[in-house]
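Welcome! Keep the view open and follow the topics one by one.

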Amino acid sequence: MNTQRTLEHLIHGLFLLLGLVAVGCVLLITAYLVFSGLPAIREIGLVDFLFGDTWASTASEPRFGILPFILTSIWGTAGAIALGVPVGFFTAVWLAKMAPPRVRAVMESAVSLLAGIPSVVYGLMGMLVLVPGIRTFFNVPDGASLLAAILVLAVMILPSIIKVSMTALQAVPQEYEDASLALGATPIETYFRVSVPAAKSGIAASVVLGVGRAIGEAMAVMMVSGNVANMPSLFESVRFLTSAVASEMSYSSGLQREALFSIALVLFFFILLITASLNFFLKRGKEA
């Protein structure tokens, strides 16, 4: 008995240590970004840095305005969510509630495979297939654009939304659906008026994961967006916050390098703000 209790205490202490390590890593990253990013913001000026519309970090008179990156990231993420969330949500409902078992097994394997594909492969396929297709279909000079980035990101967030939403829907007690059907509701009404509201928290968590994936992606969007510091336009080359850091960090120095850390700091707080806002509205919905 004493041995079992000691083992439980050891396992409890191990889990506590691992949790503290995870929290410590987040705090360490936060502190590093703050101390590395604030000097450039102080030297450039917060208003000029956040609302300047020109990024010319290697010019004779460098300018470090990241407003095009911020707006591009907002529009790109919003577009990917607008396209990816409905497709992922309805696919999850169909797989969890309506698909035949054999079809569900095949589709689940395909979704898992889609989640395991590296982002550089998404970018490569987008660069070889999607970008020429946009150039030909819309008759534009270059298909590397915000639209291409939105489409690639929409595909990349599908696995997270489908898998998490399916898990939440399958966890809804069968008694809820049986009671709805017994009261005369059709299966479709039951799925969307009983099962989906009961799994709302899990579906919202899938959206949060999708938003995080869309905002934090760098390599794929850099390969299909053109990576030019323009103000966002659907058929023009653009640069995201993530791709701005990834494309210049290897050769940066001095104030340019500090400004890139400032971009990373802005991106970090941007993600925190979106995640906190989604969690706030989710908790508010639960209380209501």
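This is a predicted model: local features need pLDDT of at least 70, side-chain atom pairs count only at pLDDT 80 or more; totals for chains, interfaces and linings use all residues.

The protein has 288 residues, of which 39% count as buried. Its secondary structure comprises 12 helices and 2 strands.

**The whole protein**

- Reading from the N terminus, the order of elements is α-α-β-β-α-α-α-α-α-α-α-α-α-α.
- The C-alpha trace spans about 75 × 65 × 35 Å along its principal axes.
- If you take the contacts between residues at least 6 apart in sequence, 70% of them join residues at least 24 apart.

**Helices α3 and α4**

- Helix α3 covers residues 67-98 and helix α4 covers residues 101-116; the two pack at an angle of about 140°, and their axes are 9 Å apart.
- That angle makes α3 oblique to α4, since angles over 145 degrees would be needed for roughly antiparallel.
- The crossing of α3 past α4 is left-handed.
- On the α3 side, the meeting residues are W94, L95 and A96, and on the α4 side they are V103, R104 and M107.
- Sorted by class, this contact of α3 with α4 holds 5 nonpolar residues, no polar ones and 1 charged residue.

**Helices α5 and α6**

- Helix α5 (residues 119-137) packs with helix α6 (residues 146-170) at an angle of about 135°, with 10 Å between their axes.
- These two helices, α5 and α6, are therefore oblique to each other.
- Here the crossing of α5 and α6 is right-handed.
- From α5, the residues S119, Y122, G126, L130, V131 and I134 meet L147, A148, L151, V152, V155 and M156 of α6.
- The contact of α5 with α6 consists of 10 nonpolar and 2 polar residues, with no charged residues.

**Helices α7 and α8**

- Helix α7 (residues 174-182) and helix α8 (residues 187-198) have axes 10 Å apart and pack at an angle of about 145°.
- α7 and α8 make a right-handed crossing.
- Where they touch, Y176, E177, S180 and L181 of α7 meet P187, T190, Y191, V194, S195 and A198 of α8.
- By class, the residues in the contact of α7 with α8 are 6 nonpolar, 3 polar and 1 charged.

**Aromatic rings**

- Searching the whole structure turns up 9 aromatic pairs.
- For F268 and F269, the ring centres lie 5.7 Å apart and the planes stand at 75°, so this pair is edge-to-face.
- F268 counts as buried because its relative accessibility is 18%, and the cut-off for buried is under 20%.
- F269, at a relative accessible area of 41%, is partly exposed.
- Elsewhere, W55, F64 and F69 form one aromatic cluster.

**Helix α11 and its residue T242**

- The buried residues of α11 are L241, T242, S243, A244, V245, S247 and E248.
- Leaving aside residues up to four places away in sequence, T242 touches I215, G216, E217, A218, V221 and L267.

**The loop residue V228**

- V228 sits in the loop between α10 (219-224) and α11.
- With a relative accessible area of 36%, V228 is partly exposed.
- Not counting residues up to four places away in sequence, V228 touches S237, V238 and R239.
- From V228 to T186 the separation is 42 residues in sequence and 52 Å in space, C-alpha to C-alpha.

Definitions and conventions
Residues are numbered from 1 along each chain as its sequence is written. Side-chain values use heavy atoms; hydrogens and water are left out. Axes are lines fitted to C-alpha atoms, for helices over the stretch in contact, and angles run from 0 to 180 degrees between N-to-C directions. Helices (H or I, at least four residues) and strands (E, at least two) are DSSP runs, numbered from the N terminus. Angles under 35 degrees count as roughly parallel, over 145 as roughly antiparallel, 65 to 115 as roughly perpendicular and the rest as oblique. A crossing is left-handed if the near helix is turned anticlockwise from the far one by less than a right angle, and right-handed if clockwise. Contact means heavy atoms within 4.5 Å. Ala, Val, Leu, Ile, Met, Phe, Trp, Tyr, Cys and Pro count as nonpolar, Asp, Glu, Lys and Arg as charged, and the others, Gly among them, as polar. Rings of Phe, Tyr and Trp (its six-membered ring) pair if their centres lie within 6.5 Å; planes under 30 degrees apart count as stacked, over 60 as edge-to-face and the rest as tilted. Buried means under 20% relative accessible area, exposed over 50%, partly exposed in between (1.4 Å probe, protein chains only).
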